There are 2 protein chains.
Amino acid sequence: MQPDLLDVIQQRYACREFVANQSVSLGELALLVEAGRLAPSAFGLEPWRFIPVTSKAKRTAIAHACQDQPAAAAAAAFIVVVALVAALDPDSKYVQKQFKAEARDGDPAPIHEAYRAFHRAESIAEWAQGQCNFAAAHILLQATHQGLGSCPIGGFDAAALSAALRLPPGETPALVIALGRCAHAAPQRLRKAFN
Amino acid sequence: MQPDLLDVIQQRYACREFVANQSVSLGELALLVEAGRLAPSAFGLEPWRFIPVTSKAKRTAIAHACQDQPAAAAAAAFIVVVALVAALDPDSKYVQKQFKAEARDGDPAPIHEAYRAFHRAESIAEWAQGQCNFAAAHILLQATHQGLGSCPIGGFDAAALSAALRLPPGETPALVIALGRCAHAAPQRLRKAFN
């Protein structure tokens with residue numbers, strides 16, 4: 001067993017300030033999105049979409065939606081993880097397509113029925129946003145691995161962010177991930193003990 | 001940049017059946033819990049607890065709560081990720097302690113006030129469960145890295161599971177992670193395309 005994954009996990013921290021006028025390449029962003037894309041999700045629904053953002057105008061709009069907090073204001077790029085809420089309707093084409101794939105050559109009806117009951121019982125928007133955290137965790141670790149600083153930002157004006165990204169109705173921003181070269185060293189790690 | 005984290009991410013898959021009569025050592029479980037413990041969380045609240053389970057009697061009870069699905073029935077061990085819901089009350093000692101740490105030498109009042117507004121607006125149990133997915137993603141990747149098979153199980157009888165684990169009121173199981181030596185090879189990867 002190699003010890004290196006825990007090294008990456010230990011090296012990740014929320015970067016609060018990025019070096020100005022640096023860029024994150026499209027190649028770097030593509031690897032981050034790939035890490036997110038491969039994340040697990042309940043029912044295999046992958047209820048997410050990833051929006052990489054590098055343009056100055058959009059970055060400014062995203063930063064505003066994040067109350068211009070320093071990590072957002074100086075980020076070289078963002079990946080916004082968007083929850084697909086309306087697509088999770090049990091009768092949507094999206095769900096049908098995902099379950100057809102998930103069933104492989106089998107019958108998708110049992111999983112579809114189980115999901116129908118689940119969807120009725122659940123606050124689906126909040127659930128979808130929670131599922132997005134699987135993908136976000138992958139992206140944050142991959143960013144660390146690529147030597148990028150990252151900051152997950154959950155405190156944003158959802159309406160302003162949706163407008164900036166022109167999200168269609170039924171899609172909700174789940175998490176903003178600010179990216180760049182971190183301008184500070186890792187702070188002392190704060191974590192409660194296991195027990 | 002080393003390519004190996006994406007390798008780990010690509011190698012992870014939901015193992016649906018484990019080799020019988022294998023064990024997962026306490027040392028292996030300790031590394032998995034450490035991976036989860038270091039996950040990020042909003043407001044630095046770490047609203048989770050990890051319960052490693054190896055005893056036969058408890059494993060059987062957990063498998064029952066998971067409808068005896070194959071991945072649960074033959075798991076050599078579990079880590080149950082538990083959401084701390086009641087502890088997230090803005091006036092709890094838990095929150096006060098976390099924010100005092102989060103503020104480091106500064107004043108915890110601003111973050112506490114922001115959190116108070118957040119807590120009022122949010123479905124806090126679902127939110128806490130969603131936060132647990134950050135930790136779960138770390139654990140699943142770390143298991144892959146350690147050569148262990150894993151299966152995240154969200155479909156369980158929460159009351160039965162809480163009883164099996166003797167969870168106090170105010171704690172809710174968020175995810176069961178079944179662990180062991182996987183009895184099958186990686187299935188063909190199913191993922192929707194990025195665009």
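Start by selecting Gln67(B), the residue that follows helix H3 of chain B: its phi is positive, near 55°. Helices here are DSSP runs of H or I with at least four residues, strands are E runs of at least two, and both are numbered from the N terminus. What you have open is a predicted model, so local features need pLDDT of at least 70 and side-chain atom pairs count only at pLDDT 80 or more, while totals for chains, interfaces and linings use all residues. Residues are numbered from 1 along each chain as its sequence is written, and chains are lettered from A and ligands numbered from 1 in the order in which they are written.

Now click on Asp68(B), in the loop between H3 and H4 of chain B. Its phi is near 50°, again a positive value in a residue other than glycine. Is Asp68(B) buried or exposed? Asp68(B) is exposed, with 10 other C-beta atoms within 10 Å. The cut-offs go like this: 20 or more other C-beta atoms within 10 Å of a residue's own make it buried, 12 or fewer make it exposed, and anything in between is partly exposed, with C-beta atoms placed from the backbone.

Hop over to chain A and pick Gln67(A), in the loop between helix H3 (56-65) and helix H4 (70-73) of that chain. Phi of Gln67(A) is near 55°, a positive value. Because Gln67(A) has 13 C-beta neighbours inside 10 Å, it counts as partly exposed.

**Helix H3 of chain B**

Back in chain B, select residues 56-65, which make up H3(B); the buried ones are Arg59(B), Ile62(B), Ala63(B) and Ala65(B). They cover an arc of only 160° around the axis, which puts them on the same side of H3(B). That arc is taken over the directions from the helix axis to the C-beta atoms. Turn to the face pointing away from the buried side and you'll find the exposed residues Lys56(B) and Ala57(B).

What covers the buried residues of H3(B)? Strand S1 (48-53), helix H4 (70-73) and strand S2 (77-84) of chain B are among the elements that do. Helix H8 (158-164) and strand S4 (171-180) of chain B are also included.

**The sheet**

Next, show the four strands of chain B that form an open sheet, in the order S1-S2-S4-S3 with antiparallel pairing. S1 and S3 of chain B stand at the edges, each with a single partner strand, so one side of each is left without a neighbour in the sheet. On average, neighbouring strands are turned by 20° against each other, direction ignored. Strands pair here if DSSP finds at least two bridges between them.

S2(B) and S4(B) pair over eight bridges, in the antiparallel sense. To see the pairing, find Ala83(B), which stands opposite Thr172(B) in S4(B). Helix H2 (residues 26-37) of chain B packs on this sheet, touching S1 and S2 of chain B, and its direction makes about 25° with that of S2(B). H3(B) lies across S1, S2 and S4 of chain B, running at about 120° to S1(B). For these angles, axes are lines fitted to C-alpha atoms, for helices over the stretch in contact, and values run from 0 to 180 degrees between N-to-C directions.

Slide along to S3(B), residues 149-153, where five of the five residues are buried. Gly149(B), Cys151(B) and Ile153(B) are on one side, with Ser150(B) and Pro152(B) on the other. S3(B) pairs with S4(B) in the antiparallel sense over five bridges, and Ser150(B) stands opposite Leu179(B).

**Helix H5 of chain B**

Select residues 93-102 of chain B for H5(B), where Val95(B), Gln98(B) and Phe99(B) are buried. They cover an arc of only 95° around the axis, which puts them on the same side of H5(B). The buried residues of H5(B) pack against helix H6 (109-121) of chain B. Just after H5(B), look for Arg104(B), with a positive phi of about 50°.

**Where the chains meet**

Finally, show both chains: 44 residues of chain A are in contact with 44 residues of chain B. Contact means that the C-beta atoms of two residues, placed from the backbone, lie within 7 Å. Which helix gives the most to the side of chain A that touches chain B? That is H7(A), with 13 residues.
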